[in-house]
Structures are given as C-alpha cells and as structure tokens.
Amino acid sequence: MSTTTRLLPWVLVPVLLGAAPSGRNAANPAKAPTAATAPRTSEPPRTPLPADGDWAGWVRVLSIPDARAKAEEALKAAGEKAHPALVAALGHDDWAVREAAGTFLASRGEKALPALVPALSNTDPEIASRALELVESIAYPRFNLHSWVGIRMSPEGLGVMVHEVLEGAPAEKAGFKPGDFVEKLDGKPLADAAGHAVPRPVIGPDGRVRIVIGEEISDPCMTLKERIARAPPGTKMTFSILRESKRMDLQARLAPMPDEMLEPEQQAEIRHNWEAWLSNARKLGKPPPLPGLAGPESVKPGDPAKPEPESEPAP
C-alpha cells in the first residue's frame with residue numbers, strides 16, 4: 001500500500017466524526033453558535049427581605065443595592081422604632097453596614113438625636129465615636145444664629161443698592177438683581193451709621209429717578225446689616241425695592257451665615273455654645289432643646305417678584 005493510501009483513513013476520520021477543519025479551510029462562520037442559539041444565563045437571585053418588625057435585618061440589607069430601596073422604605077415607615085437597630089449597626093463588623101446605617105441616621109436629622117445621644121456613652125468605642133460624629137453633624141449647625149441674605153451692597157453714597165447677589169444665597173432665590181435699591185425692610189425705613197435715612201431713590205412726576213440724601217427720620221430704625229443680624233436664621237423678611245422705576249416686594253428667608261464668612265469671635269461663640277450643649281446632653285442622657293429658629297413658613301425658591309400697586313410719586 002502506498003503512503004497516500006495508508007494516510008487516507010486517518011485524514012477521513014476527523015471529517016467523518018464531524019470535527020471542524022482549521023486554518024484556511026475553516027468552516028463557514030454562519031454555522032458558529034450565535035446569540036440566539038447560545039444558552040441563556042439565569043438572573044442572579046434577589047436578596048431575601050426580612051420580616052416586618054425585624055429592624056436589625058432591614059438594617060443589614062440596607063447596604064445591598066438590590067434591596068436598598070425596600071429597606072429605606074421599611075425603616076422610614078418604622079420611624080423611631082428602628083433607631084436602636086440603626087445605632088447598634090454603627091458597630092457592625094461589616095464596613096458597608098456601618099456606613100449605610102450612619103448615612104440613614106444622618107438623613108433622619110434631629111429625629112435621630114434621642115437615639116444617638118445615649119449612644120455617646122456606649123461601651124463600644126466604634127458606636128460612641130460614630131454617634132458623636134452624627135450628633136455634631138446634626139446639632140452643631142443649629143448654634144449658628146448669625147443670619148445672612150447674601151447680597152453685597154454698593155459703595156457708600158449710593159444708598160442701599162445691590163452690587164452683587166451671591167450664588168445660592170437666599171437673595172438669589174428671592175429674585176434679587178444687581179442694581180436693585182432696597183427702600184424698606186418689613187415696611188420700615190433703613191438708617192445709615194449716623195442715624196439718618198439712607199440715600200433713597202424717588203420717582204419724580206416725570207418718571208425719572210432721583211436720589212434723596214441726608215433725609216431726617218423720626219422713627220428709630222437700624223441699618224440693613226443690623227436688621228438682618230438681629231433676626232434669627234429662618235426669619236422671612238420682606239424687602240421693598242425699586243427696580244428700573246418699578247416698586248416691588250421680594251421675600252427672602254434668612255439663612256445661617258456660611259462658616260467661611262463668620263468672624264473668628266463668632267466662630268468661637270458658636271463652638272462654646274455647642275460644647276456646653278453637648279456636655280449637658282451627656283449628663284442628661286438625652287438631647288436638651290436646641291436653639292430655636294424662626295417659624296416653619298417658607299418662601300418657595302424662584303417665586304417671582306410681585307409689583308406693588310401703583311402709588312403717587314413721592315414728593
């Protein structure tokens with residue numbers, strides 16, 4: 001038998017068995033498995049959810065992405081009943097569980113303080129430390145009673161005219177614009193440092209605006225800065241302004257002054273009052289009352305300015 005004859009069976013065996021040739025004689029790619037014919041992989045199993053009332057179980061799944069929304073819903077509905085389990089989770093062995101519990105307690109704000117303050121003396125140093133961080137993040141800002149509206153006034157001599165409106169400030173939300181003249185605050189005139197009425201714009205019979213300087217006033221009044229400084233954060237104030245020969249009222253709710261704008265003595269005062277409150281909280285084992293803010297009524301951001309009814313020209 002020739003060499004060709006002896007090799008022929010070994011060449012035919014792979015073909016008869018259905019093996020695919022390789023190299024330049026590769027099979028048609030159309031015969032390869034496609035996405036339509038490939039076996040489908042099953043979806044990963046969903047995280048089993050705890051039973052109602054198992055707050056520790058709900059806290060554990062709070063850090064699992066596919067169960068987080070359900071866990072948040074259950075814990076919010078539980079309210080204060082779930083707080084002890086959340087505080088206990090601040091010392092959990094799993095870092096993700098600790099972080100999820102801390103984030104959720106922070107979102108509860110002052111409602112979480114009754115559960116967090118007793119934890120300041122917890123024998124687990126991890127829980128005590130995290131509880132202190134959360135109590136400070138929630139309560140400390142309440143001791144900043146220095147109000148701020150967020151406008152920079154024009155140089156002296158131009159009256160109470162807005163030179164700049166700071167981004168994100170209450171004044172921006174209220175609709176202030178550079179060039180606005182502030183005539184009154186809550187219906188009362190404003191004074192300069194000498195006790196005179198600040199230079200103010202007056203609309204003449206011809207519709208033109210002129211500035212009145214050095215006007216005497218009989219009613220006691222304060223400067224704009226003093227009026228704002230004496231009102232607590234959260235106070236809603238009405239600014240009567242003149243804008244392009246039109247009078248209108250803008251309402252702004254005062255906010256706490258940003259930390260970077262506080263004077264050193266103001267920062268020291270805030271820190272002193274906070275530490276005194278914290279010391280008292282440790283002794284009592286519960287949160288003492290926090291400094292009060294103004295009432296809950298709010299002004300919606302972006303409310304348009306409402307022009308006042310037309311009045312007779314000032315003399």
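Mentor: Begin with exposure: a residue is called buried under 20% relative accessible area, exposed over 50%, and partly exposed in between. Keep in mind that this is a predicted model.

Trainee: Which class does E244 fall into, and where in the chain is it?

Mentor: E244 has a relative accessibility of 73%, so E244 counts as exposed. E244 sits in the loop between β8 (236-243) and β9 (246-253).

Trainee: What is the phi of E244?

Mentor: The general idea comes before the case. Most residues other than glycine have a negative phi. E244 has a positive phi, near 50 degrees, and is not a glycine. D186 is another non-glycine residue with a positive value, its phi being near 55 degrees.

Trainee: Where is D186, and how does D186 count in accessibility?

Mentor: D186 lies in the loop between β4 (181-185) and β5 (188-189). Its relative accessibility is 38%, so D186 counts as partly exposed.

Trainee: How does the chain look as a whole?

Mentor: The chain has 10 helices and 11 strands. Of its 315 residues, 36% are buried. Sequence separation is worth checking too: taking contacts between residues at least 6 apart in sequence, 55% join residues at least 24 apart.

Trainee: How does the length of α3 compare with what its 14 residues should span?

Mentor: At 1.5 Å a residue, the 14 residues of α3 should span 20 Å, and the end C-alpha atoms are 20 Å apart, so the two agree. After α3 comes G79, with a positive phi near 65 degrees.

Trainee: What describes a pair of packed helices?

Mentor: Two values are used: the angle between the axes and the distance between the axes. For α5 and α7 the angle is about 30 degrees, and the axes are 10 Å apart. Angles under 35 degrees count as roughly parallel, and α5 and α7 are therefore roughly parallel to each other. The crossing of α5 past α7 is right-handed.

Trainee: Which residues make the contact of α5 with α7?

Mentor: From α5 they are R98, E99, G102, L105 and A106, and from α7 they are E126, R130, L134 and I138. By class, this contact has 4 nonpolar, 1 polar and 4 charged residues.

Trainee: How do α7 and α10 pack?

Mentor: Helix α7 (residues 125-139) and helix α10 (residues 264-284) meet at an angle of about 130 degrees, with their axes 12 Å apart. The two are therefore oblique to each other. The crossing of α7 past α10 is right-handed. On the α7 side the contact uses L132, V135, E136 and A139, and on the α10 side R271, W274, W277, L278 and R282. These divide into 6 nonpolar, no polar and 3 charged residues.

Trainee: How should I read a residue in a loop, such as H146?

Mentor: H146 is in the loop between α7 and β1 (147-148). Its relative accessible area is 18%, so H146 is buried. Setting aside neighbours within four places in sequence, H146 contacts P233, A255, P256, M257, L262, Q266, E269 and I270.

Trainee: Where is A255, and what does A255 contact?

Mentor: A255 is in strand β10 (residues 255-256). Again leaving aside neighbours within four places in sequence, A255 is in contact with H146, S147, W148, P170 and P233.

Trainee: What about M261?

Mentor: M261 lies in the loop between β10 and α10. At 32% relative accessibility, M261 counts as partly exposed. M261 and W148 are 113 residues apart along the chain, and their C-alpha atoms are separated by 9.6 Å.

Conventions:
Residues numbered from 1 in each chain as written. Predicted model: local features only at pLDDT ≥ 70, side-chain atom pairs only at ≥ 80, totals over all residues. Heavy atoms only, no water. Axes fitted to C-alpha atoms, helices over the stretch in contact; angles between N-to-C directions. Helix = DSSP H or I, 4+ residues; strand = E, 2+ residues; numbered from the N terminus. Parallel < 35°, antiparallel > 145°, perpendicular 65-115°, else oblique. Left-handed = near helix turned anticlockwise from the far one by under 90°. Contact = heavy atoms within 4.5 Å. Nonpolar A, V, L, I, M, F, W, Y, C, P; charged D, E, K, R; others polar. Expected span 1.5 Å × (residues − 1). Buried < 20%, exposed > 50% of the residue type's maximum accessible area, 1.4 Å probe, protein only.
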